Amino acid sequence: MKTLDPLALPLAGTTLIEASAGTGKTYTLATLYLRLLLEQRLEVGQILVVTYTNAATAELRDRIRRRLRESLAVFEHVDRTGAPPDAAGDARAPLVALAEASRRAGTLAQDRQHLATALRSFDEAAIFTIHGFCQRILLENAFESGVPFDAELVTEDGPLCSEVVQDFWLRALYDAPPALVRRAYEAGLVPEQLERLARRVLTHRDMEVLPPSATVPAA
């Protein structure tokens, strides 16, 4: 196991980072975002950041924007004074390192302008939840995917599952003979039981649902 250095992580390929809560995951992501802007010369619309919840997405967007603003201030200071600000032990230390590398490469002015452009266009940044990103891709490619323009991804299928079961129950037994309805209740085929079955099928998509009269062959 290696100590994480966001300035040394490769920007190509796949990197797995294991971290507990409060260990600086968002800080690392923001630093990697800056490196993609500066080292790969990407625009904000070319970088995809995906997380799990709406709250995490909002926090990540705020933290990356703040990091961009801090980085631009450091680059402007170095460009104006020719010397980095004192950031020993400071959270700005990686920003100073990036600015110094830019100065040594002779690209400080261009990099500073690139950061300023990124900050101005940050509203276009692709920072989404997983389902939000999937919905955007489906809607942007509606003709290719065959998805209606008003399609909405459902993150919690519980209410939808209940609605489907209730709809089936009404259609199947609305005008059924009383004896059939009574037999269904006696066999435990009530909406609650059917909903539990439907949820199991949704959770295990490869589950084979057999009719009650089917016989399972001996192993």
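Q: What makes a set of grid points a pocket and not a cavity?
A: A cavity is a set of points where a 1.4 Å probe fits but cannot get out, while a pocket is an open set with protein on both sides within 12 Å along at least five of seven lines. This is a predicted model, and its largest pocket holds about 750 Å³ of space.

Q: Which residues sit closest to the centre of the largest pocket?
A: They are Ile17, Leu29, Leu32, Val49 and Val50, out of 26 lining residues. Helix H1 (25–39), strand S1 (48–51) and H2 each give two or more residues to that lining. H1 gives the most, with seven.

Q: How do the residues lining the largest pocket divide by class?
A: There are 18 nonpolar, six polar and two charged ones. Leu, Ile and Val count as nonpolar, so the central residues Ile17, Leu29, Leu32, Val49 and Val50 are nonpolar.

Q: What about the second largest pocket?
A: That one has about 330 Å³ of space. Of its 11 lining residues, Lys2, Leu4, Leu9, Leu16 and Ile17 are the closest to its centre. By class, the lining has six nonpolar, two polar and three charged residues. Lys counts as charged, so Lys2 belongs to the charged class.

Q: What does Arg67 touch, leaving out residues up to four places away in sequence?
A: Its contacts are Tyr27, Ala30, Thr31, Leu34, Ala91, Pro94 and Leu95.

Methods
Residues numbered from 1 in each chain as written. Predicted model: local features only at pLDDT ≥ 70, side-chain atom pairs only at ≥ 80, totals over all residues. Heavy atoms only, no water. Contact = heavy atoms within 4.5 Å. 1 Å grid on protein atoms, 1.4 Å probe; cavity = no way out; pocket = protein on both sides within 12 Å on 5 of 7 lines; lining within 4 Å. Points joined across faces, edges and corners; volume = space filled by probe spheres on them. Helix = DSSP H or I, 4+ residues; strand = E, 2+ residues; numbered from the N terminus.
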